[in-house]
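Welcome, and thank you for taking a look at this protein with me. Please have the sequence and the 3D view open as you read.

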Amino acid sequence: MTAGGTLPFGRLDGRRAFVSGGANGIGAAIVRSFAGAGAKVVIGDLDVANAAVLAEQVGAVVAKLDVSDAAAVAAVVSQHGPFDIVVNNAGVDQHAFFTDTSPQDWAKLIGINLVSVFACTHAALPAMQSARFGRIINVTSEAARLGSKGGAVYSAAKGGIIAFTRSIARENARFGITANAIAPGPIRTPMLEQAVAKGGDKLLGAMTDATLLRRLGEPEEVAAAALFLASDQAAYITGETIGVSGGMGISA
Ligand SMILES: NC(=O)c1ccc[n+]([C@@H]2O[C@H](COP(=O)([O-])OP(=O)(O)OC[C@H]3O[C@@H](n4cnc5c(N)ncnc54)[C@H](O)[C@@H]3O)[C@@H](O)[C@H]2O)c1
């Protein structure tokens with residue numbers, strides 16, 4: 001419940017939302033969904049070309065930034081905030097066996113996938129605490145719960161997001177702020193297309209076979225979960241990780 005009262009189911013009218021990595025894939029679907037629900041959306045992304053096209057379509061604002069750069073994130077939040085909703089979605093994967101990775105690879109993957117979540121949350125939380133309302137939604141991965149052959153560092157970063165989300169939920173419940181994570185399975189996005197371009201049909205088959213529903217998910221299916229978690233109706237849900245993965249996560 002906010003000062004303005006409870007909004008109808010599926011509506012975010014007047015809410016100010018920040019979506020990292022909102023130019024493409026899952027983030028773009030979340031931007032479309034939130035803007036369609038009446039939110040004022042800021043897209044934080046390195047890919048300003050695609051972000052600008054989307055922003056024009058849905059009436060959003062673009063902030064160019066590298067989410068792993070905490071100072072840049074703080075500047076964007078200070079310029080465009082405060083935010084009621086923060087979706088930490090930006091991420092990158094890099095398929096390689098762990099023994100073939102370097103400390104530079106670890107730093108890059110942890111920076112973009114995990115430090116980015118610290119940075120955006122750290123910048124946005126004080127205003128949420130003052131407003132006594134907030135929604136933090138962190139995009140992790142089923143790889144966090146299941147592990148990933150060829151994605152050890154990525155999985156570790158995504159596992160860190162789940163633990164971080166629970167801690168932020170504990171620290172901020174008293175302010176009326178919820179923090180939850182979404183764990184996608186294989187979702188049809190540019191990130192997945194890049195992986196399939198390298199791994200071929202064998203990888204695609206393995207990914208779909210790992211789901212109970214035997215198919216890829218669509219970005220809009222992840223956005224639907226994000227919209228729900230952002231809504232007033234999800235006020236009693238915090239610290240959770242919701243799989244949007246065709247049942248992939250139930251063995252975890
Ligand atoms: N697609 C999947 O199958 C899948 C599965 C599990 C988890 N995820 C997670 O979902 C999230 C979105 O993935 P996606 O598939 O839509 O990826 P994507 O590559 O299609 O889109 C990611 C977006 O993040 C942006 N980005 C990347 N690095 C950035 C940086 N340093 N600063 C700012 N923006 C940056 C990119 O420009 C892009 O717009 C990621 O966190 C990813 O790990 C995806």
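Does Ser141 count as buried or exposed? At 9% relative accessibility, Ser141 is buried, where buried stands for under 20% relative accessible area, exposed for over 50% and partly exposed for what lies in between, with a 1.4 Å probe and protein chains only.

Before we go on, a word on the model. It is predicted, so local features need pLDDT of at least 70 and side-chain atom pairs count only at pLDDT 80 or more, while totals for chains, interfaces and linings use all residues. Residues are numbered from 1 along each chain as its sequence is written, and side-chain values use heavy atoms, with hydrogens and water left out.

**Around Ser141**

Ser141 sits in the loop between β5 and α5; helices (H or I, at least four residues) and strands (E, at least two) are DSSP runs numbered from the N terminus. Leaving aside residues up to four places away in sequence, Ser141 touches Tyr154, Lys158, Ile182, Ala183 and Pro184, a contact being heavy atoms within 4.5 Å. A polar atom of the Ser141 side chain is also 2.9 Å from the backbone nitrogen of Ala143. That is a polar contact, meaning a pair of N or O atoms within 3.5 Å; within protein, one must be able to donate a hydrogen and the other to accept it, and residues adjacent in sequence count only if both atoms are side-chain atoms.

**The ligand**

Which residues are closest to the ligand? They are Asp45, Asn89, Tyr154, Lys158 and Thr189, out of 29 residues that surround the ligand; a residue counts as near if one of its heavy atoms lies within 4 Å. Tyr154 and Lys158 are also among the residues that Ser141 touches.

| Residue | Atom of the residue | Ligand atom | Distance |
|---|---|---|---|
| Ile26 | polar backbone atom | oxygen | 2.8 Å |
| Leu65 | polar backbone atom | nitrogen | 3.4 Å |
| Asp66 | polar side-chain atom | nitrogen | 2.9 Å |

**Pocket and cavity**

Both spaces are found on a 1 Å grid over the protein atoms alone: a cavity is a set of points where a 1.4 Å probe fits but cannot get out, and a pocket is an open set with protein on both sides within 12 Å along at least five of seven lines; lining residues have an atom within 4 Å of a point. Grid points are joined across faces, edges and corners, and a volume is the space filled by probe spheres set on the points.

The largest pocket has a volume of about 1700 Å³. Its lining takes in 50 residues, and Asp93, Tyr154, Met191, Leu192 and Ala195 lie nearest its centre. Two or more lining residues come from each of α1 (25-36), β2 (40-45), α5 (142-146), α6 and α7 (190-209), and α7 gives the most, with 11 residues. By class, the pocket lining has 24 nonpolar, 17 polar and nine charged residues. Here Ala, Val, Leu, Ile, Met, Phe, Trp, Tyr, Cys and Pro count as nonpolar, Asp, Glu, Lys and Arg as charged, and the others, Gly among them, as polar.

How many cavities of 30 Å³ or more does the structure hold? There is one, and the volume of the largest cavity is about 50 Å³. Among the residues lining the largest cavity are Gln94, Thr101, Leu109 and Tyr154. Helix α6 (residues 152-172) gives the most to this lining, with three residues. The classes here are five nonpolar, four polar and no charged residues.

Gln79 belongs to helix α3 (residues 70-80) and is exposed, with a relative accessible area of 61%. In the loop between α3 and β4 (85-88) you will find Pro82; the peptide bond from Gly81 to Pro82 is cis, with omega near 0°.

Two arginines also deserve a look. Arg132, in the loop between α4 (103-131) and β5 (134-139), has a positive phi of about 55° although it is not a glycine. Arg214, in the loop between α7 and α8, likewise has a positive phi of about 55° and is exposed at 51% relative accessible area.

Phe228 is partly exposed, with a relative accessible area of 31%, and touches Phe9, Gln233, Ala234 and Ile237, not counting residues up to four places away in sequence.
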